[in-house]
Amino acid sequence: MTSTVNAFAPRGGLARISLSVFCLMIVLAMSTAPVRAQAREPGAEAFVKRVSAQLIAIMQSNEPKAVKKRKFAAVFSANADVRAIGLFALGKFRRKLPASRRGEYFSLMKRYISATFSTHMGAISGNRVEILGSENRGKKGTIVSSKLHFPGREPAPITWRLTKRGGYKVFDVRIFSIWLGPEQRTVFTGIVADNGGDVNALLKFLRDA
Amino acid sequence: MWRKLQIVLFAGLVSAVLMAGGLFATTHPAAAQTPATETGSLYGEDSDPLEPVNRVLFAIHDGVDIVALRPVAYIYNRAFPQFVRNGVSNFLSNLASPITFVNDILQGEIDRAGTTLVRFLINTTVGFGGVGDAAAMMGHAPHYEDFGQTMAVWGIGTGPYLFVPIIGPTTLRHAVGRVVDTALSPWTWLLYNEPTYIALIPAGVTLLSARSENLEALDNLRETSPDYYASIRNLYFQNRNYEINNGNTLEDLEDIPDY
């Protein structure tokens, strides 16, 4: 019977631990986080930081829900690109909205979306926003990546999509993996489609909401 | 044999529920880049040829959810503090690492496979068997892969959107993928010879954990959406597209409309 000597064979508990640590170091070295170079937009980042701070202050206050919703609506009205959001939400039915009804639609939509978003924002109200980066994507807007920190929970990745017409305005927000704009469009276009392409049905829905 | 088949199928279906539950789950955006892949309609409107049937099944599911799933998830949230629920979720995620690891490899994502392996080693040891996510604190963010995503990367189409009561939203491709993932799951083999009621415990806890994590988000959606079915479908496709592209979905964005 012969015995072979393997220099790498673990001998005893200490050797096993050393081997485990060695393996751990190898795999640690294998994993390198990818870094993506971006031309950042400081103005957009400052805008997001300011709006986030306003929203966090509203959500953290002890005021009644109705007051919070009203304040949220004010922040939304001042910082959202309502016309772009409204046209996007109409999707393929955009052309069916006559120019004469646009003002009414934007006004109703602003009220509705503001109320809806304030409900969703309540579910993710954190206590500190961290800006991760930004980049200009041309016609797709300026993208600002951020993290919303919570006490005792994993931070939530929040991505902002901004327009720049004069100053920056919010066009869409992605919470985790979900953009709110497409979700809104699903609802609006669904209502129009269910009524044979009649945008008046959407206007009625928004008025009654 | 039949019992084992039942276990495998049920575990696969519950995995699909997890994916549905993952609608609002944290997925780190700083993931490695992969090319955009064919995912069917981005928001699902054009991928639902079975919509009339799906809507009926959705109504059944919603009834079960209101009567049973949601109340149990509510009690679970009230009975256990956040750190306990996080521990349960972390433990389940850690034990699902082999699924992610194999699919990382199958997608040619070697760096991400390394991250999965590192996370598994760290969390199983320093993280006390996976209860704590020590790896995330060390900068190794979690990510999740499944065979449905792998098939998407390989260029296989989504197939029709399906809504299965209890299981939740899925597509044909996704559902097939979960069966393969079930074979990769340690639970399947660890509990292979156990009685059915024991073998189903991980699936049940997984379902409970996933539902409880989305309690408030789904409550809000049910309250605010005039078409809850369409909203769930939209969120499913958005989330799925995000997962398949490892968070790199900005290229898919439409241009902002002019006015």
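Which helices and strands of chain A each supply at least two residues of the lining of the second largest cavity? The legends below take up this question first.

**View 1. The second largest cavity of the predicted model.** The elements that each supply at least two lining residues are α2 (42–60), α3 (65–79), α5 (102–123) and β4 (167–175) of chain A, where helices (H or I, at least four residues) and strands (E, at least two) are DSSP runs numbered from the N terminus. A cavity is a set of points, on a 1 Å grid over the protein atoms alone, where a 1.4 Å probe fits but cannot get out, and its lining residues have an atom within 4 Å of a point. This one holds about 190 Å³, and among its 16 lining residues A:F72, A:F76, A:W160, A:V170 and A:V173 lie nearest the centre.

**View 2. The open sheet of chain A.** Five strands follow the order β1-β2-β3-β4-β5 with antiparallel pairing, two strands being paired if DSSP finds at least two bridges between them. Because β1 (128–136) and β5 (178–179) each have a single partner strand, they stand at the edges, and one side of each is left without a neighbour in the sheet. Eight bridges join β1(A) to β2 (residues 142–150), and A:E130 is placed opposite A:K147 in β2(A).

**View 3. Confidence along chain A.** The mean pLDDT, the predictor's confidence in each residue from 0 to 100, is 82, and 79% of the residues reach 70 or more. Over residues 1–36 of chain A, pLDDT stays under 50.

Residues are numbered from 1 along each chain as its sequence is written, and chains are lettered from A in the order in which they are written. In this predicted model local features need pLDDT of at least 70, side-chain atom pairs count only at pLDDT 80 or more, and totals for chains, interfaces and linings use all residues, while side-chain values use heavy atoms, with hydrogens and water left out.

Technical notes:
On a 1 Å grid over the protein atoms alone, a cavity is a set of points where a 1.4 Å probe fits but cannot get out, and a pocket is an open set with protein on both sides within 12 Å along at least five of seven lines; lining residues have an atom within 4 Å of a point. Grid points are joined across faces, edges and corners, and a volume is the space filled by probe spheres set on the points. Contact means heavy atoms within 4.5 Å.
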